Amino acid sequence: FFCRRIHWCTSKGVHWWNEDNPRQRDAIQSMPKGAMDILWKRLLALLCAGILASVMQVNAYTHPEEMEKLLLLRQALRNRLAHGWDYAISTWTCPGEPGHQGPPGEMVVQWDGQIRQECDPCGSDPSEWGNWGEIACFGGYGAPPGRVTTVHVTDLVMGIRGGVQTEVPPEFCLLSELREFDLDGNDLVGTIPNWIPACFPHLDELDLSYNKLTGPIPSWMDMLPHAREFKLEHNLLTGRIPEGFSKMDSIKVIHLEHNQLAGRLPDDFDGFVIEALWLHENPDLCGPMEAIQADRCSFMECGIITSNTRIGRRCRSDVPEVAEITPVESLYPCEFESKHGRPVKMDLPVAACEIIQNL
């Protein structure tokens, strides 16, 4: 856009110059044929290069709108301190907020709407982790600059840290550009949230393993077409494996081991090609093993593992015949104020909206 405007201005410049400055007009007309075009093209190239460099430098930092969302998320998670989230956000201390008294040595720099390098959550290099632990703003995968693409809060085991067990916090839905949502090893309870595909449509990796999640595996997996890794191992999940995995065009790795899954494998596993499918330690998985093929491995975990299951043997009469249908939770328009009083409107799950509005 800027370069187009510059080109328009420069194309009009000679005519304006000719009328209003005869001395410059004579100098320009005396230049060799074509020299003026070269001059304007070089000027245009220099101006465009400067504009692009400036834009790239700004985009290397957290986008202001994303900063507002992160401040809201920080406050929401601070309100969950009894659940052990204080350790997860222990590095989310700068910028500070009016009235917030941090621990000794905390750098308190007030957020005034201006991006400060020493406080910027994303940091200045999109290929590196930023200044706030457990999140990153990695480039690639079509993610816009300055947006959080990775949440990696792992192995905190909230209960051991003195907290009480909690569900997956819906306020993470504020981060709509996530590519990796990794909350493994945190003592999380409840069911797998049905707002995930609506909140994170570009998700590349979902990892909720090593928690205490219950209920069925959701039937909305095919609504995550970009997902390559789907990890739900070491939970308390029950019921049949639903159909839909084979419709995930990018899927490479599925971990469902060490759960309480039961019943036949889904019919659409017939001809399924995947790098890693780990189903072991689900004693009630049963029935014929369809023509699943192990593809060439690009991850550390590879192959198809079915030990301590009944896969390949007849199913008992009490196993579930059909998988439970789990509809995606719709998002609703949510209106709230940013930390600086700016009105904001975005689509969120009802639970997340209530949390944000009550901050």
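A residue is called buried under 20% relative accessible area, exposed over 50%, and partly exposed in between (1.4 Å probe, protein chains only). By this criterion, 45% of the 359 residues in the protein chain are buried. The model is predicted: local features need pLDDT of at least 70, side-chain atom pairs count only at pLDDT 80 or more, and totals for chains, interfaces and linings use all residues. Residues are numbered from 1 along each chain as its sequence is written, and side-chain values use heavy atoms, with hydrogens and water left out.

The protein chain holds seven helices and 17 strands. These are DSSP runs numbered from the N terminus (helices, H or I, at least four residues; strands, E, at least two). Contacts are heavy atoms within 4.5 Å. Of those between residues at least 6 apart in sequence, 59% join residues at least 24 apart.

Confidence is expressed as pLDDT, the predictor's value for each residue, from 0 to 100. The chain mean is 77, and 72% of residues reach 70 or more. Helix H1 (residues 2-20) is lowest, at a mean of 37, while strand S4 (residues 205-207) is highest, at 97. Over residues 1-25 the pLDDT stays under 50, and the model has 15 contacts beyond four places in sequence for them. Residues 98-112 also fall below 50, with 24 contacts beyond near neighbours in sequence. Where pLDDT is low, the predicted coordinates should not be read in detail.

Eight strands form an open sheet with mixed pairing, in the order S1-S2-S3-S4-S6-S8-S11-S14. Strands S1 (135-136) and S14 (303-305) stand at its edges; each has a single partner strand, so one side of each lacks a neighbour in the sheet. Pairing requires at least two DSSP bridges between two strands. Strands S6 (residues 229-231) and S8 (residues 253-255) run parallel and are joined by three bridges. Glutamate 229 has valine 253 of S8 as its bridge partner.

In H4, 13 of the 15 residues are buried.

Asparagine 186 lies in the loop between strand S3 (180-182) and helix H6 (196-199). Asparagine 186 is buried, at 0% relative accessible area. Its side chain reaches the backbone oxygen of leucine 183 at 2.9 Å. Lysine 212 is 26 residues from asparagine 186 in sequence and 8.6 Å away in space, C-alpha to C-alpha.

Methods:
Polar contact = N/O pair within 3.5 Å; in protein donor to acceptor, adjacent residues only side chain to side chain.
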